[in-house]
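Subject: Structure handover

Hi,

Here is the structure I promised you. Please open it first, then read my notes below.

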Amino acid sequence: MMKSNIPNSTDLTCAIKVVDLHVDFATAGGVLPAVRGVSFELEQGETLAIVGESGSGKSVTALSIMQLIAKRTGRISSGEIVFDGQDLLQLDEHKLREMRGNAISMIFQEPMSSLNPLMKVGHQVGEVFRRHLKVDRAEAKRLSIEMLRKVGLSAPERRYNEFPHQISGGMRQRVMIAIALACRPQLLIADEPTTALDVTIQGQILDLIQDLKSENEMSVIIITHDLGVVAEIVDYVVVMYAGQVVETGYAREIFEQPRHPYTKALINAVPKLGLRTRTKQRTRLEEIVGTVPNLLALPAGCAFCERCDYAQEICSTSAPSMEVVGARRSVRCHFDLTKKDRHHER
Amino acid sequence: MMLKSIFAHKNLMFGGTIVVLVVLMAIAAPLLAPFDPVFDADLMNSEMPPGGEFLFGTDTNGRDVLSRVIHGARISLSVGLVTQILNTIIGVSLGLVAGYMGRFWDDLIMGLTNIMLSIPVIVFALAIMAALGPGLINLFIALGLTNWAYTCRITRAQVLSDKKKDYVKAAKSLGYSRASIMFTQIMPNILGPVLVIATLGSAEAILLEAALSFLGLGAQPPTPSWGGMLSSARDLLFVAPWLSIFPGIAIFVTVLGFNMLGDGLRDLLDPKSVGATKLGGVR
Amino acid sequence: MFAFIVRRLLQFIPTILGISLIMFLLLNLIPGNAALSSAGRLELAPEVVEQIKAELGLDKPIVQRYVQYITRLAQGDMGQSYLRRYDVSEVVFSRLGATLKLAFAAISIALLIGVPLGFFAALKQGTWMDMLLTVVAVGGVSIPQFWLGILLMYFFGFMLHLLPTSGYGNGSLANLVLPALTLGLGYTAMLARITRAAVIEVLTSDYVRTARAKGLSELAINVRHVFRNAFVLILTTAGLLFGSLIGQTVVVERLFSWPGIGSLVVEAIFQRDIPVAQGCLLVIIFVFLTVNLLVDILYRAINPQIDFE
C-alpha cells in the first residue's frame, strides 16, 4: 500500500512538516529533554508511523503538533511545525482552538478514560459540530448520529443516548474516531489507537481508520510501539529513540532493509512481519535487552549504544548525526547496517 | 511535582517541630512557667492586660495567663496521647477479632464500625458525657472510646489480605501461634497507617477536648485547660480579650502541628498520595 | 432510581435501630438512682426515689424499657423530661428549626465560598495565589471553631459594632451572620481543599485532554467537562463533612446562645436529663443520616456509572 509517486518536498504536497522540535519537561530531577531535535515531513494523503518504545518521545511529538502538552510541566522550547503554510507554534491560542478538532484531530490510547464518563456519547460527538460548524442542537444531533453510523456503530440512534461505560472498548474507540473525524480533518493523529484494545478489535479499528482516510482524503500519523500492528497500512516510518529520530524511510524499505540496529531490533520484535497479529498467541520474540536511557543523564555517545549489538568504541564517545541516505531516507548511526564492510557483530 | 515533594517534607518538618516544641513545653512546664498556674492567685493583680510582669496578662483571679497556657499543654497532650492509645487499642483489637474470627463477630464488629462512622464523633462523645456526667476524666473516656473505626477497618483489611498469603499459611503449618503471626506479620504492616490515623486523631481529640471543655463539660476550673480557660474567659471577652486570645492561639498552633505532622507522615508513608513524580501521560 | 431510593430507605431502618440501641444502652445502664439524685434534686428519701422511678418507668427491666422506648419512638414519642415533665419530642422539634437554619446557612457559606475558591486554586495550580489559598485552608482546618467564633464576636460585635453577638433575635438575618460564619468557615476551608484536589484530578484526566483536542474553549471545557466530574468527586466526601457540621452546631449554638437543639443538649447533659439528651442526640443523628441519604441520591442522579457498578 505504498505510495508510488516520487515525492517532492514542495509545501504544496506537504501535509505537515516538523523541523528541529525540542520539548522539555520540568521534573523533580531537573529539566528532562523529552524531544531533542525531531524533524520529519509527511506528504498529503500519506500514513506515517512514529515508532518507538515508551519514553522515546513519540507521544510528546504528537501532542506538540496539537499543542496539548501540559503547560505547567512541559514546554516546546524550539522548532517549527508547518501546517497549511503556517507555523503552528506561532499561532495564538484562539487560532489553535479553531484548528484543533477541525483541521487536525487526535485520538488517544485509552478509549475508556478519553471519553467523559458523565456525558452521553452522542453529545460528545455533537460538541465538535456545535463548536466548529456552529450548527444548532438538532442539526448537531443529526450529524452526530450520521457520524456514529459511519464509524460502524449499530443502532446509532440508541448509542447516541448511551454513556461511555455502557459500550465496549472497541465501540468507545469508534466514538473517539467519530469525534476526531467529525469535521473532516486534513490530518489525523492516532496515539497508540489500538494498544488498549482486544487483539481481534485492533484490526477492525485500523481498517476503519484506513477506510475513512481514503474517503476523506486526509493524512494520518499513527504513534505506536508495535511495528507489526501498523505494518499493513503505513506508507512512511519515523523511528524514534530517546527523544531523537534515528531512522526514517518508506515502510517497505524500512522493513526490508533497516539501517539502524534499533530499527532492526524493533522489527525482530514483531511476530511474522506484514501480518496483523489477530490472535493472542505469539511466538517467542527477540526482545530488546536493556532499558531506555535516563533522559536526565544522557550518555555522551549514541543513546542506544548500551543496548546495541553492533556498538564500537566510537559509539560510546561520540553521538552520531543524522545522515541522508536516499529519497526521504535517513539514519542516525555510525555503522549503517547496509554497509556490510563496516559492521562487525559483537 | 518538585514543589509537591518539598511541600510534603515541609509539612513533616514544620508539623514535627511544632509538636516537639509543645511536648517540651509540657514536660518542662514547671520550669518554664514563671508562676504556679493554680495557686499563684492574687486578686490585687486581677485582669491585668498583657505586658510587664505578666507577659500574657492575668485572669479574674489574678493568675498568670502565660503560666496557665504553658501548663495547659500538659492537658491537651494528655488528651491526644491517652485518647489515641485507647482508640488504637480498641481499633486494633476489634479489627483483629473481626478479621480472624470472621462470621458472626465480623458482622457484629463491622456493623458497629459502620454505625460509628455514620455518626459524628462529637455526638457520640456527647452521649457518653451525658451518661457519665461532666468532668475531664469522663471526657478522656468519651474521646477514647469513639474514634477507633478507621483503625479497626485497616487492621481487619490487613488481616484478611494476610490470611490469603502463603507465608502466613506456611507459618501456621509450621506451628507458629496466632499471636506470633500477628506480631510479626500484621503489626508491621499496619503500623504506618495507624500512626497517621493516631496523629490526625490527636489533632481532632485536642480540638474536641477544647470544644467540650469550652462547653463546660470537660476540665473544670481552676484546672488550666485551654478550652476551660476560654470558657471562663467568655463573659469577659469585651473586658479582658487577652484571656480569650492566648489559649486560642495555643490550641490553634498545637492542632496545626499535629495536622501537618499527620499529613506529612501520610505523604511519606503512602507515596501514591503525593502523586509520585511520574511522567505518565507525557512520555 | 426509585428502587435505589427504596433500598436506601430500607437500609435506614437497621441503622437507626442500631444507633438507638447503642444510645439507649449508653444512657440507661447507669443506675436510675444516680441519674435521679444528680438531676438537681437534693437528698431524697428512698421511698420518694422509688415512687419517682415507678412514675418514670425506671423500675422495670432494661429490655422491657427498650422495647417500650423503641415502640414509642416509632410513634414519635421520645418520653418525658426527668426534670420538668415536658414532652421531649415537642421541645426537641420546636428547637429543630433554629438548628436547621443555622446548619443550612453554614453549609451554604461553605459551598458558595469553598467550592469556587478550590476551583480557582486548582486552575491557578502552583502560583502564589494557590499557595496562599492552600496555606489558609490548612489553617482553617486547624482553627478551633469556637475560638474563631470568639474572634468574630470581638471584631464584628465589639470593635466594629456591626452585628449582634448573641441570641436568635426573632430570626433576624443579622443574628444569623456570626454563628453561620463561625460554623461555616472551617468547612469552607475543608471544602476548598477537597475541591482543589478533585479539580486537579479531573484536569489531568484523559477526557479533559480530549475536550482540548476538540478545540473547545476553556470556558466550555471547565463548565461541561471539569466541573461536573469534579463535583461528583466532591460529593463523595461532602456528605460526611456536612454530617460533622451538624454535630458541631452544638458548640456554636452554645457560644452564640442560639436556641437550637445544640444548646438544649448541653443543658440536658448538665442537668443529667437523660431523655432530653437522648432525644436531642437522636434527632441530630437523624438529620445527619438524612443529609447523607440526600447526598447519596444526588450523587446517583448526576453519576450515570453507578447503575452498573
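How many residues of chain B are in contact with chain C, and how many of chain C with chain B? The counts are 34 residues of chain B and 42 residues of chain C. Two residues are in contact if their C-beta atoms, placed from the backbone, lie within 7 Å.

Before you go on, two notes on conventions. Residues are numbered from 1 along each chain as its sequence is written, and chains are lettered from A and ligands numbered from 1 in the order in which they are written. The model is predicted, local features need pLDDT of at least 70, side-chain atom pairs count only at pLDDT 80 or more, and totals for chains, interfaces and linings use all residues.

Chain B and its side towards chain C

Back to those 34 residues of chain B that are in contact with chain C. Four helices of chain B each supply at least two residues of that side: H4 (103-117), H5 (121-132), H9 (178-214) and H11 (242-269). Helices (H or I, at least four residues) and strands (E, at least two) are DSSP runs, numbered from the N terminus. By class, this side of chain B has 28 nonpolar, six polar and no charged residues. Ala, Val, Leu, Ile, Met, Phe, Trp, Tyr, Cys and Pro count as nonpolar; Asp, Glu, Lys and Arg count as charged; the others, Gly among them, count as polar.

Now chain B as a whole. Chain B has eleven helices and zero strands. Its C-alpha atoms fill a box of roughly 75 × 55 × 35 Å along the principal axes. Of the 283 residues in chain B, 48% are buried. A residue is buried if 20 or more other C-beta atoms lie within 10 Å of its own, exposed if 12 or fewer, and partly exposed in between, with C-beta atoms placed from the backbone. Take the contacts in chain B between residues at least 6 apart in sequence: 69% of them join residues at least 24 apart.

Chain C

Chain C is assigned domain 1 (2-83) and domain 2 (89-302). Such bounds come from an automatic or database domain assignment. The centres of the two domains of chain C, taken over C-alpha atoms, are 32 Å apart. In the contact between them, domain 1 of chain C has 22 residues and domain 2 of chain C has 20. Helix H1 (residues 2-28) of chain C gives the largest share of the domain 1 side, ten residues. That side of domain 1 has twelve nonpolar, eight polar and two charged residues.

One residue to look up is C:Ala192, in helix H8 (residues 173-203) of chain C. Is C:Ala192 buried or exposed? C:Ala192 counts as buried because it has 27 C-beta neighbours inside 10 Å. Leaving out residues up to four places away in sequence, C:Ala192 touches C:Gly114, C:Leu117, C:Gly118, C:Ala121, C:Leu133 and C:Ala137.

Chain C also meets chain A. That contact takes 21 residues from chain C and 26 residues from chain A. Helix H9 (206-213) and helix H10 (218-255) of chain C each supply at least two residues of the chain C side. H9(C) gives the largest share, six residues. By class, the chain C side has six nonpolar, ten polar and five charged residues.

Strands in chain A

Start with strand E9 (residues 236-241) of chain A. Six of its six residues are buried, so E9(A) is largely enclosed by the rest of the structure. A:Tyr236, A:Val238 and A:Met240 are buried on one side, and A:Val237, A:Val239 and A:Tyr241 are buried on the other.

Which strands pair with E9(A)? Strand E3 (residues 47-51) of chain A runs parallel to E9(A), joined by four bridges. Here A:Val51 stands opposite A:Val239. Strand E10 (residues 244-250) of chain A pairs with E9(A) in the antiparallel sense over six bridges. Two strands pair if DSSP finds at least two bridges between them. A:Val237 has A:Gly249 in E10(A) as its bridge partner. E9(A) and E10(A) form a hairpin with two residues between them, and A:Ala242 in the turn has a positive phi of about 50°.

Chain A also has an open sheet of four strands, in the order E2-E1-E4-E5, with antiparallel pairing. Strand E2 (30-43) and strand E5 (86-87) of chain A are the edge strands, each pairing on one side only.

Best wishes
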